Amino acid sequence: MKQDIGASGGSGKGRRPGKKPTPKSALKASNRARTAPAKPKAKSTDGEGGLGAFDELHVDLRTSEERWRSLLENPLFGVTFVGQHLRYEGSNRTFQNMVGFSAEELRQISPLDISVSGERELNAVYFKELQSGERNHYEMIKQLRRKDGSLIWTHLYVFAVTDRKSGEKLPFGIVFDITDKKQAQDALEEMRAELVRVARVNEMGAMAGSIAHEIAQPLSSIVTAANAALRWLERPNPEIEETKALLRGIVHDGQRAADIIKGIRAVFRADPEQRSAVKVNELVRDVLALSQTELRKSLIEVRTELAETLPVLSADPVQLQQVIFNLVKNAIDAMDPVVGRDRILRIKSEHGGSQWLVVSIEDSGVGIAPENMDRMFKSLFTTKPNGMGMGLAICQSIVESHGGSLTASPAHPHGAVFRLSLPTGGADGA
Ligand SMILES: Nc1ncnc2c1ncn2[C@@H]1O[C@H](COP(=O)(O)OP(=O)(O)OP(=O)(O)O)[C@@H](O)[C@H]1O
Ligand SMILES: [Mg+2]
């Protein structure tokens, strides 16, 4: 492979006094040493069997060259050297693979040619500043267009190297391909946005659910009263037909109102069409990934025990994820005031009999006061200054609409454990 970025001289150890090898002659010398090992030895100054000064110099130079070579041939990051006309004068194999251009093709193009608009202009400014000496280095996260037209994400570190011949400052770059990382990050952000959206919808649904619950009873009393009035008026000589018509109207309206309430409740229930095959362990892992920053910030240790072969569920994945997310969020909140003992979040998934699957989420937090054990599942019950008191109500509705149950109990020696039981269709999976 042609070395585009040459190695500079040896360590200086064992050099002959008065004659310093230039980097170029040093490289030549080391190449000779590699290709012609049988060449007669230079006169040794170290006595019989010892290495002569020349030999030592060759070894030093070879070692140095090999080190530079392995650095350039590394499979982890691209190395680029941009020349006077802002063309890729040199690049390593990793960079060539990253962008899909050969070394020769890269020599004809500039980094700006394969940049995207917006980033291209910014990069051009950085190049100018490097060349004028205004800055010595820069770092950029930017996209590059590959030869096949696709885009990759790169993390770029660039610094100025003074060209020996022209005295100009030229950009030397180290390039990491972060496309996979960026895509994973984007997917996570999308998921977070979706969770927030679903949480809002669910909150509205839960509100509607509790409103419906509150007004369903008086409405049914209106219907009963109207029916009673009908009977009462069926006595001799009243304005029977007109009153009947009126009362039927009340019955009809009352029924209609009840139907509307049913409709609001239906919105809150999981839509069977949204159900698909769900692997609960994957949901747990997704939620932990989403909560990673908060868990780390709160110094919480996560311990998972996820059963290897669990049945696949038929469920609404986003809603179930919301349940696990709410429970994890509550666990984090419950451990926030904890000092002087470990903050541990334990998540376990297991078979719960032949047709059930159980996920338990346990924390070592403040625990639940006995009087709150039932109340906390009711909408709008909260002990938090900024809580809405909707999290558990939403969880319970979702779980029940999936035919499952959600219960809480004290954990030992501290904290609380929430058990989520879900019915399985009987199918096996991971
Ligand atoms: N893991 C837990 N440990 C101790 N108490 C808990 C735990 N989870 C819930 N609680 C109690 O139950 C209450 C209700 O929880 P819920 O999730 O419904 O609402 P919230 O967390 O207060 O507010 P939000 O609507 O923002 O979720 C909490 O305020 C808290 O007092
Ligand atoms: Mg909550």
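This is a predicted model: local features need pLDDT of at least 70, side-chain atom pairs count only at pLDDT 80 or more; totals for chains, interfaces and linings use all residues.
The protein contains 10 helices and 12 strands. Of its 430 residues, 23% count as buried. Among contacts with a separation of 6 or more, 64% are accounted for by residues 24 or more positions apart.

Four residues of H2, namely Leu-57, His-58, Leu-61 and Glu-65, are buried. These residues lie on the same side of H2, because the arc they cover around the axis is only 100°. In general, an α-helix has 3.6 residues a turn, so residues three or four places apart point the same way. The face of H2 turned away from the buried side bears Arg-67 and Ser-70, which are exposed.

A helix pair is formed by H8 (residues 280-297) and H9 (residues 317-335). Two packed helices are described by the angle between their axes and the distance between the axes. The axes of H8 and H9 come within 9 Å and cross at roughly 40°, and the crossing is right-handed. On the H8 side, the contact involves Leu-283, Val-284, Asp-286, Val-287, Leu-290, Ser-291, Glu-294 and Leu-295. These meet Pro-317, Leu-320, Gln-321, Ile-324, Phe-325, Val-328 and Ile-332 of H9. By class, the residues of this contact comprise 11 nonpolar, two polar and two charged.

Note on methods:
Residues are numbered from 1 along each chain as its sequence is written. Chains are lettered from A and ligands numbered from 1 in the order in which they are written. A residue is buried if 20 or more other C-beta atoms lie within 10 Å of its own, exposed if 12 or fewer, and partly exposed in between; C-beta atoms are placed from the backbone. Helices (H or I, at least four residues) and strands (E, at least two) are DSSP runs, numbered from the N terminus. The arc is that of the directions from the helix axis to the C-beta atoms. Axes are lines fitted to C-alpha atoms, for helices over the stretch in contact, and angles run from 0 to 180 degrees between N-to-C directions. A crossing is left-handed if the near helix is turned anticlockwise from the far one by less than a right angle, and right-handed if clockwise. Two residues are in contact if their C-beta atoms, placed from the backbone, lie within 7 Å. Ala, Val, Leu, Ile, Met, Phe, Trp, Tyr, Cys and Pro count as nonpolar, Asp, Glu, Lys and Arg as charged, and the others, Gly among them, as polar.
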